[in-house]
Amino acid sequence: MAKEQTLSLIKPDGVARGLVGEVIGRFEKNGLQIRALKMVRLTLEEARAFYAVHQGRSFYDSLTRFMSSGPIVALILEGEEAIRRNRELMGATDWRQAEAGTIRADLARDIEANVVHGSDGPETAAREIAFFFSELEKA
């Protein structure tokens, strides 16, 4: 199996609640290496561009408002099957349906304010990494 990279975001609720270290620790304890990391605050326009794939869906406006409401932490994670492993660590989008021990089951309080975002496939990961990180920033 080849190493791959994926994007993970610690959302505004995770940052505000002081969960950055907890989330990063879970990634590292499960064999995902951090290749790049930064804290940013998206404008509403940037959040809309990042989530453009969801434009027209019922949650698009509230999601983009939420994602631009405070700082987020963007990470490039790397490891064997990093995309799949990250998604397993995160748990289901709806924290009430996430398996016990996942980030969302343990830490989330809302379907949008669910602490983390992760890329869902290789093409998405490449696009999302490029959205947040320049070539110089990618380790």
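Visitor: Where is Glu81 found?

Guide: Glu81 is found in the loop between β3 (72–80) and α5 (82–90). Those names come from DSSP runs, numbered from the N terminus: helices are H or I with at least four residues, and strands are E with at least two. Before we go on, this is a predicted model: local features need pLDDT of at least 70, side-chain atom pairs count only at pLDDT 80 or more, and totals for chains, interfaces and linings use all residues. Residues are numbered from 1 along each chain as its sequence is written, and side-chain values use heavy atoms, with hydrogens and water left out.

Visitor: Why does Glu81 count as partly exposed?

Guide: Buried means under 20% relative accessible area, exposed means over 50%, and partly exposed is in between (1.4 Å probe, protein chains only). Glu81 has 25% relative accessibility, so it counts as partly exposed. Glu81 also has a positive phi of about 50°, although it is not a glycine.

Visitor: What makes Val115 buried?

Guide: Its relative accessible area is 0%, so Val115 is buried. Val115 lies in the loop between α6 (103–107) and β4 (116–118), and it has a positive phi of about 75° although it is not a glycine.

Visitor: And how do you know whether Asn114 is buried or exposed?

Guide: Asn114 is at 0% relative accessibility, so it counts as buried. Asn114 is found in the loop between α6 and β4. Leaving aside neighbours within four places in sequence, Asn114 is in contact with Lys11, Asp13, Thr93, Arg104 and Ala108, where contact means heavy atoms within 4.5 Å.

Visitor: Which label does Gln55 get, buried or exposed?

Guide: Gln55 has 57% relative accessibility, so it counts as exposed. You'll find Gln55 in the loop between α3 and α4 (60–67).

Visitor: What is the order of the strands in the sheet?

Guide: The order is β2-β3-β1-β4, in an open sheet of four strands with antiparallel pairing. β2 (33–40) and β4 stand at the edges, each with a single partner strand, so one side of each has no neighbour in the sheet. On average, neighbouring strands of this sheet are turned by 20° against each other, direction ignored; the axes behind such angles are lines fitted to C-alpha atoms, for helices over the stretch in contact, and angles run from 0 to 180 degrees between N-to-C directions.

Visitor: How do you know that β2 and β3 pair?

Guide: Two strands pair if DSSP finds at least two bridges between them. β2 and β3 have seven bridges, in the antiparallel sense, so they pass the test set by that rule. For one example, Gln33 has Glu78 in β3 as its bridge partner.

Visitor: Why is the pair of Phe50 and Phe132 called edge-to-face?

Guide: Rings of Phe, Tyr and Trp (its six-membered ring) pair if their centres lie within 6.5 Å; planes under 30 degrees apart count as stacked, over 60 as edge-to-face and the rest as tilted. A search of the whole structure finds four aromatic pairs. In the one formed by Phe50 and Phe132, the distance is 5.2 Å centre to centre and the planes are 65° apart, which makes it edge-to-face. Phe50 lies in helix α3 (residues 44–50) and Phe132 in helix α7 (residues 122–132), so the pair ties together parts that are 82 residues apart in sequence.
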